[in-house]
Amino acid sequence: MSQDELLALSATVSVETVARALGLGRTRAYQLARQGQFPCKVIRIGTSYRIVTVDLRRLLGIEPS
């Protein structure tokens, strides 16, 4: 994902989106989320997982200007 794409993301995004940004496979990303080892804050809503976008940007060193 480009920096512009990362800056355009909403407040929370899917595990698949973050996996793509980090170069992780979908299965591994969900595994990390389930185990509480995902590198960004994970919010679980029912059976779905959402990732806090600001944590993803911080992890990648991308700050809005």
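Predicted model: local features only at pLDDT ≥ 70, side-chain atom pairs only at ≥ 80, totals over all residues.

Is Ile-43 buried, partly exposed or exposed? Ile-43 has a relative accessible area of 31%. Burial requires a value under 20%, and exposure one over 50%, so Ile-43 counts as partly exposed. This residue belongs to strand S2. Leaving aside neighbours within four places in sequence, Ile-43 makes contact with Thr-12, Ser-48, Tyr-49, Arg-50 and Val-52. Its C-alpha atom is separated by 12 Å from that of Tyr-30, a residue 13 places away along the chain.

Let me turn to the sheet. Three strands make up an open sheet with antiparallel pairing, and their order is S1-S3-S2. S1 and S2 are the edge strands; each has a single partner, so one side of each has no neighbour in the sheet. From one strand to the next, the twist averages 40 degrees. Helix H2 packs on this sheet, where it touches S1 and S3, and its direction makes about 85 degrees with that of S1.

Now the pairings themselves. Strand S1, residues 12–14, is joined to S3 by three bridges, and Val-13 has Ile-51 as its bridge partner in S3. Between S2 and S3 there are four bridges. Here Arg-44 is partnered with Tyr-49 of S3, and Ile-45 stands opposite Ser-48, also in S3. The hairpin of S2 and S3 has two residues between the strands, and in this hairpin Gly-46 adopts a positive phi near 65 degrees.

Next, the interior. In soluble globular proteins, nonpolar side chains tend to be buried together. In this model, the largest nonpolar core has 17 residues. Leu-6, Val-15, Val-18, Phe-38, Ile-51 and Leu-56 have the most contacts inside it. Which elements give two or more residues to this core? They are helix H2, covering 15–22, helix H3, covering 26–35, and strand S3, covering 48–52.

After H3 comes Gly-36, with a positive phi near 75 degrees.

I come now to charged side chains. Side chains of opposite charge can pair when their charged atoms come close. How many salt bridges does a search of the whole structure find? The search gives two. One is formed by the side chains of Arg-26 and Glu-16, at 3.4 Å from N to O. This pair links distant parts of the chain, with Arg-26 in helix H3 and Glu-16 in helix H2, 10 residues apart. Arg-26 is exposed, at a relative accessible area of 52%, whereas Glu-16 is partly exposed, at 32%.

The other salt bridge joins Asp-55 to Arg-58, whose closest N and O atoms are 3.2 Å apart. Both residues lie in helix H4, residues 53–60, and they are three residues apart, about one turn of the helix. Arg-58 counts as exposed, with 52% relative accessibility.

Helix H4 also contains Arg-57. Is Arg-57 buried or exposed? Its relative accessibility is 13%, so Arg-57 counts as buried. Not counting residues up to four places away in sequence, Arg-57 touches Leu-6, Leu-7, Ala-8, Leu-9 and Ile-62. One of these, Leu-6, is also among the residues with the most contacts inside the largest nonpolar core.

To close, I return to two places in the model. In the sheet, the strands run in the order S1-S3-S2, with antiparallel pairing. In the core, H2, H3 and S3 each give two or more residues. Thank you for your attention.

Technical notes:
Residues numbered from 1 in each chain as written. Heavy atoms only, no water. Core = buried A, V, L, I, M, F, W, Y, C linked by side-chain atoms within 4.5 Å. Buried < 20%, exposed > 50% of the residue type's maximum accessible area, 1.4 Å probe, protein only. Salt bridge = Lys/Arg side-chain N within 4 Å of Asp/Glu carboxyl O. Pairing = 2+ DSSP bridges. Axes fitted to C-alpha atoms, helices over the stretch in contact; angles between N-to-C directions. Contact = heavy atoms within 4.5 Å.
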